[in-house]
Structures are given as C-alpha cells and as structure tokens.
Amino acid sequence: AADIPNDLTSVLVTEEQINEKLAELALRVEEDYSGKKLLLVGVLKGAVMVMADFARHLTRDIAMDWMAVSSYGSSTKSSGVVQIRKDLDTDLGGWHVLIVEDIIDSGLTLSWLLDNFASRGAESIEVLALLRKPEAAKVEIDCKYLGFDIPNEFVIGYGLDYAERYRNLRDVAILAPHVYA
Ligand code: PRP
Ligand code: MN
Ligand code: MG
C-alpha cells in the first residue's frame with residue numbers, strides 16, 4: 001500500500017466526516033424504524049465498509065443480509081448490465097428493508113435492485129447511500145438517507161474500488177488519471 005498516495009489526486013471525504021455522517025443517519029433511521037423489523041441489505045462489495053460502520057452506529061437490533069451484484073467489472077464506466085452474483089438469503093416478507101450502498105453513480109444498479117426487490121413482499125424498501133454523483137445520474141433514485149453529493153470524478157476508498165484495488169483506504173479520494181489512462 002506504499003504507493004497509494006501517488007495514485008490519488010485529493011481526498012474528497014475524510015474518515016472523520018464519514019463517521020459523523022453515519023452517526024447522523026443512524027439517529028434518523030432509529031427514529032423512522034422504531035418498533036419495526038429492520039433488515040439492512042448491503043450491496044457487495046462496495047458497501048462493506050458503510051454497512052459495517054453504519055450498523056455499529058445503531059443501538060437497536062437489526063438483521064443483515066447481502067446481495068452481490070456488479071455492473072462495473074474492472075472498467076471505470078458502468079455497463080448498465082447488472083449481474084446477480086449472490087442473491088439474498090432472506091425472504092423479505094415482514095421486513096422493512098433498507099438497502100445500503102456506497103455510491104449512486106448512474107443509478108442503474110439501484111434502479112435495477114429496487115425493481116428486483118419490488119415483488120418480494122417487503123413491508124417497505126428505502127435506500128441509504130454514502131455518496132451520490134448528481135451529474136452522473138442516468139436514472140433518478142429516491143434515496144432517503146444520503147451522505148454526500150460529490151462531483152463527477154472517479155472516486156475510490158472506503159469500499160469503492162478501481163479494478164478491485166483501493167477499497168481499504170479509510171477516506172474517499174479521487175483516483176489520479178494516470179492510474180487508468
Ligand atoms: C459500484 C458501486 C455501486 C454501483 C454504482 O459497484 O459500489 O454499487 O457501482 O454505480 P451505478 O449507480 O452507476 O450503477 P460495482 O458494480 O463496481 O461493484 P462493487 O461494489 O463490487 O465494486
Ligand atoms: Mn457496488
Ligand atoms: Mg466497483
């Protein structure tokens with residue numbers, strides 16, 4: 001990891017800012033889902049860090065499940081073709097579902113997931129995303145719990161990868177163009 005700083009142009013969202021924001025969102029979620037059975041669905045692999053940290057800001061009991069989908073592969077652009085690599089283990093009947101994502105870029109992944117979940121019998125379905133790129137939207141996603149709107153740059157870290165690398169950075173940073181040029 002010694003070469004990581006050379007691959008970044010700037011830090012966009014710091015570990016501390018992420019932590020503060022997730023704490024705020026957790027307070028809202030606790031209030032909104034009071035007395036309700038809450039299932040967090042993390043979207044592998046990017047959402048691993050958000051899921052782990054957000055869930056630990058909650059003081060109530062929740063269930064967790066994971067969906068593995070991918071639309072980017074090793075490219076920096078979304079193909080728009082979403083593939084299921086791992087489906088949920090949970091029957092959504094009776095659950096209030098909160099989908100947890102690292103980023104809404106074109107919106108195609110979540111648009112597809114929301115359609116896919118719509119017929120599975122959940123009590124409700126909402127979205128929590130740490131990041132969103134408004135300028136990149138191809139479809140509008142109704143995201144009830146949003147961390148930060150960010151510029152249309154290729155970002156990495158805190159779960160976000162470029163060709164599976166950089167997910168372990170603690171901050172969200174902009175990838176230097178020389179890395180993917
Ligand atoms: C990334 C990111 C989101 C999605 C957002 O996942 O984690 O899930 O793309 O892009 P979109 O709004 O344009 O659809 P990716 O497909 O790279 O898989 P990964 O989570 O395993 O990195
Ligand atoms: Mn993802
Ligand atoms: Mg990715």
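Predicted model: local features only at pLDDT ≥ 70, side-chain atom pairs only at ≥ 80, totals over all residues.
**The six-stranded sheet**

Six strands make up an open sheet with mixed pairing, in the order β4-β3-β2-β5-β6-β7. At its edges stand β4 (83–86) and β7 (145–149), each of which pairs on one side only. Direction ignored, neighbouring strands of this sheet are turned by 30 degrees against each other on average.

Within the sheet, β2 runs parallel to strand β3 (residues 63–70), and six bridges join the two. Here Val41 stands opposite Asp65 in β3. The pairing of β5 with β6 is also in the parallel sense, over eight bridges. In this pair, Ile104 stands opposite Arg132 in β6. Strand β6 is mostly covered, with seven of its nine residues buried.

**The three-stranded sheet**

A further open sheet is formed by three strands in the order β1-β9-β8, and its pairing is antiparallel. Its edge strands are β1 (8–13) and β8 (155–156), each pairing on one side only. Two bridges link β8 to strand β9 (residues 172–175) in the antiparallel sense. Val155 stands opposite Ile174 in β9.

| Pair | Sense | Bridges | Residues opposite each other |
|---|---|---|---|
| β2 and β3 | parallel | six bridges | Val41 and Asp65 |
| β5 and β6 | parallel | eight bridges | Ile104 and Arg132 |
| β8 and β9 | antiparallel | two bridges | Val155 and Ile174 |

Helix α2 lies across β2, β3, β5 and β6, and runs at about 155 degrees to β2. Met49, Val50, Met51 and Phe54 of α2 are buried. The buried residues of α2 pack against β2 (38–44), β5 (96–104) and β6 (124–132), and against α1 as well.

**Packing of α1 against α2**

Two packed helices are described by the angle between their axes and the distance between the axes. For helix α1 (residues 15–32) and helix α2 (residues 48–57), the angle is about 55 degrees and the axes are 8 Å apart. α1 is therefore oblique to α2. Their crossing is right-handed.

On the α1 side, the contact is made by Asn19, Leu22, Ala23, Leu25 and Ala26, and on the α2 side by Asp53, Phe54 and His57. Sorted by class, the contact of α1 with α2 has five nonpolar, two polar and one charged residues.

Technical notes:
Residues numbered from 1 in each chain as written. Chains lettered and ligands numbered in written order. Axes fitted to C-alpha atoms, helices over the stretch in contact; angles between N-to-C directions. Helix = DSSP H or I, 4+ residues; strand = E, 2+ residues; numbered from the N terminus. Parallel < 35°, antiparallel > 145°, perpendicular 65-115°, else oblique. Left-handed = near helix turned anticlockwise from the far one by under 90°. Contact = placed C-beta atoms within 7 Å. Nonpolar A, V, L, I, M, F, W, Y, C, P; charged D, E, K, R; others polar. Pairing = 2+ DSSP bridges. Buried ≥ 20, exposed ≤ 12 C-beta atoms within 10 Å, placed from the backbone.
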